[in-house]
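Hi,

Could you take over this structure from me? The sequence and model come first, and my notes follow.

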Amino acid sequence: LLVLPLLAAVAIGAQPESPVITIEGADEQLAANIRNHLRIGREACDTPLVRLERLRNQVLGNIQRGAHALGYYRYAASLQFSRSETCWQLLVSLVPGEPILVKEVSVHLPDNPQIQDIFSEALADIPAMTGKPLHHGEYEAVKNGLSAVAVENGFFAAAFTRAEIRVDMATYSADIDIAFEPGPRYRFGV
């Protein structure tokens, strides 16, 4: 009877094996972002290497999304699948290159002093993006900030009429262009 609780405790404490994915050549932020985009880590430990090799293009696409999100558009990546005694492993060798820089950020709002004043705080940090590496998360944060200010101030029909990142590989630069239309301002009560 004493053996059963001990075996149960060992079984509860045991962690299931999982694939080992190593990313070499990337800084911590880039490696973490690529790892967050990789879907192959969900494959079971007993997945045959043949199947993993068939997923190579998907993995490379995941790496591309993770690298592009942090401005790395000129990178090189190679993959090497292997197997240990308990699970498969993936080695991603990365040469990230330089991140693409933001050349210009344009945010267009209606030419109305009251609207400009309401959104001024949300627009305050935008010039700091110019000349820095493109970071898709910061671009999304600008959009989320505009949307949040709109809702907080009663612009419930606000919409982006344009929101794009234009990457020019010839100059290796990016332009961010956002057009935001707050729409009518709703007021409740008297």
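This is a predicted model: local features need pLDDT of at least 70, side-chain atom pairs count only at pLDDT 80 or more; totals for chains, interfaces and linings use all residues.

Residues are numbered from 1 along each chain as its sequence is written, and side-chain values use heavy atoms, with hydrogens and water left out.

Start with Asp 177, which sits in strand 6 (residues 173-181); helices (H or I, at least four residues) and strands (E, at least two) are DSSP runs numbered from the N terminus. Asp 177 counts as buried because its relative accessibility is 10%, where buried means under 20% relative accessible area, exposed over 50% and partly exposed in between (1.4 Å probe, protein chains only).

The side chain of Asp 177 forms a salt bridge with that of Arg 162 (2.7 Å, N to O). A salt bridge here is a side-chain nitrogen of Lys or Arg within 4 Å of a carboxyl oxygen of Asp or Glu. Arg 162 is in strand 5, so this pair ties together parts that are 15 residues apart in sequence. Arg 162 itself is partly exposed, at 31%.

A salt bridge also joins the side chains of Asp 177 and Arg 166 (3.5 Å, N to O). That pair links distant parts of the chain, strand 6 and strand 5, eleven residues apart. Through shared partners, salt bridges join Arg 162, Glu 164, Arg 166 and Asp 177 into one network.

Elsewhere, the side chains of Glu 53 and Arg 56 meet in a salt bridge (2.8 Å, N to O). Both are partly exposed: Glu 53 at 34% and Arg 56 at 25%. The count of salt bridges comes to six.

Next, helix 4 (residues 56-68): its 13 residues reach 18 Å from first C-alpha to last, close to the 18 Å expected at 1.5 Å a residue (the expected span is 1.5 Å times one less than the number of residues). Its buried residues include Val 59, Ile 63 and His 68. Among the elements covering the buried residues are helix 2 (28-37) and helix 6 (136-152), judged by contact, meaning heavy atoms within 4.5 Å.

Finally, Leu 91 lies in strand 3 and is partly exposed at 23%. Leu 91 and Phe 81 are ten residues apart in sequence and 6.5 Å apart in space, C-alpha to C-alpha.

Cheers
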